[in-house]
Amino acid sequence: MTEVLVTGGAGFIGSNFVRHALAAHPDWHVTTLDKLTYAGRSENLKDVLDDPRHTFIRGDVGDAALVGPLLARANVVVHFAAETHVDRSISGALQFVRTDVLGTAVLLEAARSAPGLHRFIQISTDEVYGSVATGASRETDELKPRNPYSASKAAADRLAYSYWATYDVPVVIARPSNNYGPYQYPEKVIPLFVTNAIDGLPLPLYGDGQNVRDWLHVEDHCRALDLLIGRGVPGEVYNIGGGNEVRNVDLTRRILELLDRPASLIKPVADRLGHDRRYCLDSSKLHAMGWRPQMPFDQGLASTVAWYRENEWWWRPIKDADPAFRAYYDAHYQNRG
Ligand code: NAD
Ligand code: DAU
């Protein structure tokens with residue numbers, strides 16, 4: 001049995017990855033370590049919670065006493081756990097430093113003395129390159145993060161690298177682009193706009209709506225990570241781009257069309273502070289290893305919209321009944337102009 005530790009496995013990408021891992025690798029045992037912050041939910045893993053090849057542990061990656069024994073028996077670590085929402089980092093950066101930087105440092109310290117560790121996959125982000133006006137970011141490009149979230153992720157990315165260079169921890173760094181798919185917390189633009197549109201509520205589009213994101217279906221992302229666990233070279237960085245550059249305004253229009261809702265629901269609001277204009281990844285390094293995104297964006301968006309339409313049980317308790325979500329939403333969007 002290969003023992004795989006997935007941190008942040010109750011979040012959006014992590015839960016999709018746990019499902020992927022259990023389905024694709026009958027000889028893997030997966031341990032999910034997740035603090036269950038506002039963004040982590042055991043519901044995301046409901047279909048695998050009783051799987052004998054899966055163990056769920058509620059806990060903090062920053063808890064050295066907890067993670068030491070987990071690393072001691074791990075063959076692979078896939079480190080997703082993080083604070084992830086850019087807007088929340090702008091209104092409160094410290095928790096991002098605690099989790100994304102210090103939490104990663106605690107895991108890496110434990111990894112130094114992990115006897116059977118074969119790969120430590122550090123999940124970084126395309127945001128570490130900063131906003132790119134033209135062309136596509138390569139793995140060797142300078143890192144120019146511009147918001148507290150991406151700066152924290154860049155720190156963790158380089159910290160992980162340093163543990164390879166200094167201590168020979170088998171770190172492989174993944175820099176994925178914007179993910180979309182099922183189980184994404186409805187603060188992020190696609191699930192927020194889809195669920196608002198279902199309810200006939202305004203879609204708050206930041207600034208002029210011309211910002212570009214490169215959308216990667218979460219299942220394509222999971223396949224890329226699986227490849228990196230097997231064939232990623234320690235000390236190396238791998239971009240994982242979806243190859244789907246879309247302006248936010250066009251994304252918003254497509255969502256409305258898929259739900260047969262009027263364009264009048266689009267509500268231009270004040271821009272995000274320091275809003276990165278565009279991200280774009282050159283993923284030729286991963287392409288050369290045989291990976292390509294398989295999900296066409298139109299198909300992926302339609303199936304994602306359908307998933308939120310068919311799974312109101314999943315998001316209504318957050319959007320309609322969670323006072324913390326309501327407080328966040330009101331503070332962030334009320335009086336935004
Ligand atoms: P998410 O916010 O949906 O999930 C994060 C998970 O981490 C949650 O389950 C949360 O409970 C857990 N967590 C937070 N702090 C923790 C702690 N101290 N200890 C243990 N668990 C903790 O995030 P996501 O969108 O699934 O992103 C996963 C990873 O991928 C993150 O590292 C993020 O930076 C990176 N990433 C995300 C995207 C994207 O588009 N979503 C793109 C590129 C990179
Ligand atoms: O690029 C990878 C990153 O993608 C990940 O590292 C982050 O964890 C993830 O949250 C995501 O960051 P973004 O800031 O790109 O995602 P978000 O869904 O918050 O916003 C996508 C775009 O939509 C961005 O240009 C801002 C815009 N937006 C977002 C929200 C929430 C709006 O116009 N209105 C909104 O209400």
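A nitrogen atom of ligand 1 lies 3.1 Å from a polar backbone atom of K35, a polar contact in the sense of a pair of N or O atoms within 3.5 Å. This is a predicted model, in which local features need pLDDT of at least 70 and side-chain atom pairs count only at pLDDT 80 or more, while totals for chains, interfaces and linings use all residues. Residues are numbered from 1 along each chain as its sequence is written, chains are lettered from A and ligands numbered from 1 in the order in which they are written, and side-chain values use heavy atoms, with hydrogens and water left out.

Taken alone, ligand 1 exposes 840 Å², of which the protein buries 96% (Shrake-Rupley areas, 1.4 Å probe).

The shell around ligand 1 holds 28 residues, the closest being I13, D34, T84, Y149 and K153, where a residue counts if one of its heavy atoms lies within 4 Å. The elements giving two or more residues to this shell are α1 (12–24), α5 (148–167) and β7 (178–180), helices being DSSP runs of H or I with at least four residues and strands runs of E with at least two. By class, the shell has 12 nonpolar, 12 polar and four charged residues, with Asp, Glu, Lys and Arg counted as charged, Ala, Val, Leu, Ile, Met, Phe, Trp, Tyr, Cys and Pro as nonpolar, and the others, Gly among them, as polar.

Turning to helix α7, 10 of its 14 residues are buried (under 20% relative accessible area, with a 1.4 Å probe and protein chains only), including V218, H221 and L228.

Conventions: Buried < 20%, exposed > 50% of the residue type's maximum accessible area, 1.4 Å probe, protein only. Polar contact = N/O pair within 3.5 Å; in protein donor to acceptor, adjacent residues only side chain to side chain.
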